Amino acid sequence: MKLEKIIPEAKDFLPLLGTDYVEIIVGNAKQAAYYYMSAWGFQPLAYKGLETGSKDSVSYALRQDKITLVLTSPLEHGGDYNRHLNEHGDGVKNVALWVEDATKSWEETTKRGAKSAFEPKVLEDENGRVVISGIHTYGETIHIFVERKDYGGAFMPGYRAWNPDYKPAPVGLKYIDHMVGNVDWGEMNTWCKFYAEVMGFAQIISFDDKDISTEYTALMSKVMSNGNGRIKFPINEPAEGRKKSQIEEYIDYYKGAGVQHIAVATDNIIQTVTELKARGVDFLYVPENYYDDVLDRVGEIDEDLAPLKELGILIDRDDEGYLLQLFTKPVLDRPTMFFEIIQRKGAQSFGKGNFKALFEAIEREQESRGTL
Ligand code: FE2
């Protein structure tokens, strides 16, 4: 399919095949892997640690359908991983993008102003070769370009396949729909410009502080997408309000810009959320009166309203269809990163109704944390 057909403004000098993996630096990778397997239904995929010759860090790679999570912890005193943990707490370090040519991706983006994180390098083992390169984006987050067409191993050279007996069933998560970055005051446009100029993305929608504000606080958001629509990066910044915005709370605790949430798609949100709740995942509370007039706002939907209301699933609409969404509470100790579960029924973009409902739900949590 031609890129121009989907998002005509996007440039195709950086063709992206999809999200390759998301790497989270955590305090205890072994236990985090157990959480994502038990609660979220990720399957064990690959492991790297002392036994494979990795002296400074340990990583567990987990997979569910097209989503690959990597959980990494330091094994040594000091060093960059410990500094990252001290600074940010657990958090996303690498958002890896799957490309045909990692060398060309690095050249095209650095030529357009990206700051290099590392030059293209070849990783090899008995299963073939992977080429990776990296550029910096907001905060300490890095985009790694991954070229894996000549690789047949479980995940990456350096890892070995990991196949423990313990494999809780998947919960129906399919792919990463979008990943949201929180940036500091006045930086949203800088980073949207970065995605447009350096990576060839186009803006598909924007919400200003009038769209997303409550009695107390406000934020602004723009959604950037690559040409084929597989990679969507909304960027949020705080806006002036009477009290402290959730984006400021994030930035205070994360100590800077970073990934706020990872949205994962399912074909059956009712089933997926029911299962996640049963396994202990905490979701944001949606007040019952949200459902009083929601169908007047979004029109007819295929699902019964009762189970959506019971689970607190939000409904919104754009020009092309509707979407169902639900947000977890932060999955880490600091009030920073959370997940979103999303099911698209025709809608390719986002609606502002859900944004506001999410914002109000987080505000209730902020109140309880004393950070509003
Ligand atoms: Fe989202």
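Helix H10 is the element that contributes most to the lining of the second largest cavity, with 4 residues. This is a predicted model, in which local features need pLDDT of at least 70 and side-chain atom pairs count only at pLDDT 80 or more, while totals for chains, interfaces and linings use all residues. Residues are numbered from 1 along each chain as its sequence is written, and side-chain values use heavy atoms, with hydrogens and water left out.

A cavity here is a set of points, on a 1 Å grid over the protein atoms alone, where a 1.4 Å probe fits but cannot get out; lining residues have an atom within 4 Å of a point. A helix (H or I) is a DSSP run of at least four residues and a strand (E) one of at least two, numbered from the N terminus. The second largest cavity holds about 140 Å³ of space, where a volume is the space filled by probe spheres set on the grid points, joined across faces, edges and corners. It is lined by 16 residues, and Pro330, Thr336, Phe338, Ile362 and Arg369 are the closest to its centre.

Across the whole structure, 5 cavities of 30 Å³ or more are found.

Which residues are the protein donors of the iron ion? They are His178 (NE2), His261 (NE2) and Glu340 (OE), at 1.9 to 2.1 Å from the ion; donors are N, O and S atoms within 2.8 Å of the metal (3.2 Å for Na, K and Ca), and water is not among the atoms, so sites may look incomplete. His261 lies in strand E14 (residues 258-266) and Glu340 in strand E17 (residues 338-345), so the pair ties together parts that are 79 residues apart in sequence. His261 counts as buried at 5% relative accessibility, and Glu340 does at 1%; buried means under 20% relative accessible area, with a 1.4 Å probe and protein chains only.

Elsewhere, 9 strands form an open sheet of mixed pairing, in the order E6-E7-E8-E5-E1-E4-E3-E2-E9. Strands E6 (116-125) and E9 (160-161) stand at the edges with a single partner strand each, so one side of each has no neighbour in the sheet. Two strands pair if DSSP finds at least two bridges between them. E6 pairs with strand E7 (residues 128-136) in the antiparallel sense over 7 bridges.

Notes:
Buried means under 20% relative accessible area, exposed over 50%, partly exposed in between (1.4 Å probe, protein chains only). On a 1 Å grid over the protein atoms alone, a cavity is a set of points where a 1.4 Å probe fits but cannot get out, and a pocket is an open set with protein on both sides within 12 Å along at least five of seven lines; lining residues have an atom within 4 Å of a point.
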